[in-house]
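The sequence and the model are shown here for reference.

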Amino acid sequence: MKTIGITGASGIIGSKICQNLLENGYILHVLSRDPDNFKKNPNIKTYKIDLLNPDRKKVSSFLKRIKFLFHLASELSDESKMMKTNYNSTKILVDSIKNKNITFIYLSSIGIFDFNKSKLINENSYKKQFNIYEKTKFLSEKYIFKSCRENNLKFIIVRPSIILDVNMKSKIIDHLLTFTKLGINLKFSKKIIANFILLDDLVKTILKIFENEKALNETFNISSDILLEEFLLSIKKVLNKKTYIKLPINIFFNLINLVSFFRISRKTSQIRRFFSNTSKISTQKVESLIGYKLSLDYSNFLNNYVNRIK
């Protein structure tokens with residue numbers, strides 16, 4: 001049976017991928033800074049490695065006998081650790097599988113693209129990053145491409161949009177739910193698009209393509225876009241709530257700027273980008289490969305999400 005290496009196995013994406021791989025008989029090598037998080041399983045071997053400062057000898061042991069390496073781990077909150085954890089560790093892993101017959105599956109981000117430049121984002125659209133997290137993903141991709149050219153690295157790069165799941169706390173969804181509960185109706189352009197992807201669809205897609213030879217050395221954008229107006233209508237239906245107060249988006253942005261001034265939130269620029277986005281993400285490439293359309297069942301997700309937080 002094939003052995004698969006994985007980083008980020010304790011995360012919400014990694015844990016679902018691990019569960020599926022184990023159910024299908026794969027043996028897993030798990031790289032983790034806290035191996036005690038994993039239950040004992042004869043098909044899981046853990047390696048205590050911190051990606052902030054990985055021990056190359058331990059990395060070499062982790063990579064023995066594996067055929068695929070899923071690199072899912074990332075630092076999401078502490079910007080001071082992002083360059084080392086996200087970019088430098090990717091370089092070390094890529095260098096460590098040089099000249100080995102190991103396929104490198106990398107979880108990147110749709111945030112590497114410049115959404116102001118194009119109304120339709122495909123895999124080759126213009127790239128520009130607006131924060132350090134996105135920059136680390138972009139630099140990691142560049143290094144993977146370089147290793148492919150120079151060392152014949154085999155890779156698959158997946159670029160998901162904003163990931164939604166019942167078990168993932170989402171500030172954006174929480175904000176939208178709060179406004180609706182208060183009877184506030186945000187007035188914005190009907191062209192605003194929410195770039196979302198349900199976690200189950202993302203995991204299903206990754207597992208569908210990772211052994212497909214047609215996916216080798218390719219990048220894939222993964223998203224199930226929906227007009228924000230339609231998404232808010234779904235929220236109103238789930239909450240069975242009518243809105244009475246109309247709040248123009250420019251006033252909302254002024255409130256966001258005020259919050260930013262007093263440093264109550266560090267993610268105000270991301271919120272502004274979300275409520276200003278009119279770009280759609282093309283998923284034609286990945287849907288052509290997997291043979292079906294990605295789901296748009298956000299009503300079921302919202303029902304489950306609302307019931308969970310009650």
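The axes used below are lines fitted to C-alpha atoms, for helices over the stretch in contact, and angles run from 0 to 180 degrees between N-to-C directions. The model discussed is a predicted one. Two packed helices are described by the angle between their axes and the distance between the axes, and the table gives both values for two pairs.

| Helix pair | Angle between axes | Axis separation |
|---|---|---|
| α5 (residues 171-181) and α7 (residues 228-239) | about 60° | 10 Å apart |
| α1 (residues 12-23) and α6 (residues 199-209) | roughly 50° | within 10 Å |

**Helices α5 and α7.** With an angle of about 60°, α5 and α7 are therefore oblique to each other, and their crossing is right-handed. On the α5 side the contact involves I173, L176, L177, T180 and K181, which meet L228, F231, L232, I235, K236 and L239 of α7. Sorted by class, this contact of α5 with α7 comprises 8 nonpolar, 1 polar and 2 charged residues.

**Helices α1 and α6.** The axes of α1 and α6 cross at roughly 50°, and the two helices are therefore oblique to each other; the crossing of α1 and α6 is right-handed. Helix α1 contributes I12, I13, K16, I17, N20 and L21 to the contact, while α6 contributes L199, D200, L202, V203, I206 and L207. By class, the residues where α1 contacts α6 are 9 nonpolar, 1 polar and 2 charged.

Notes: Residues are numbered from 1 along each chain as its sequence is written. This is a predicted model: local features need pLDDT of at least 70, side-chain atom pairs count only at pLDDT 80 or more; totals for chains, interfaces and linings use all residues. Side-chain values use heavy atoms; hydrogens and water are left out. Helices (H or I, at least four residues) and strands (E, at least two) are DSSP runs, numbered from the N terminus. Angles under 35 degrees count as roughly parallel, over 145 as roughly antiparallel, 65 to 115 as roughly perpendicular and the rest as oblique. A crossing is left-handed if the near helix is turned anticlockwise from the far one by less than a right angle, and right-handed if clockwise. Contact means heavy atoms within 4.5 Å. Ala, Val, Leu, Ile, Met, Phe, Trp, Tyr, Cys and Pro count as nonpolar, Asp, Glu, Lys and Arg as charged, and the others, Gly among them, as polar.
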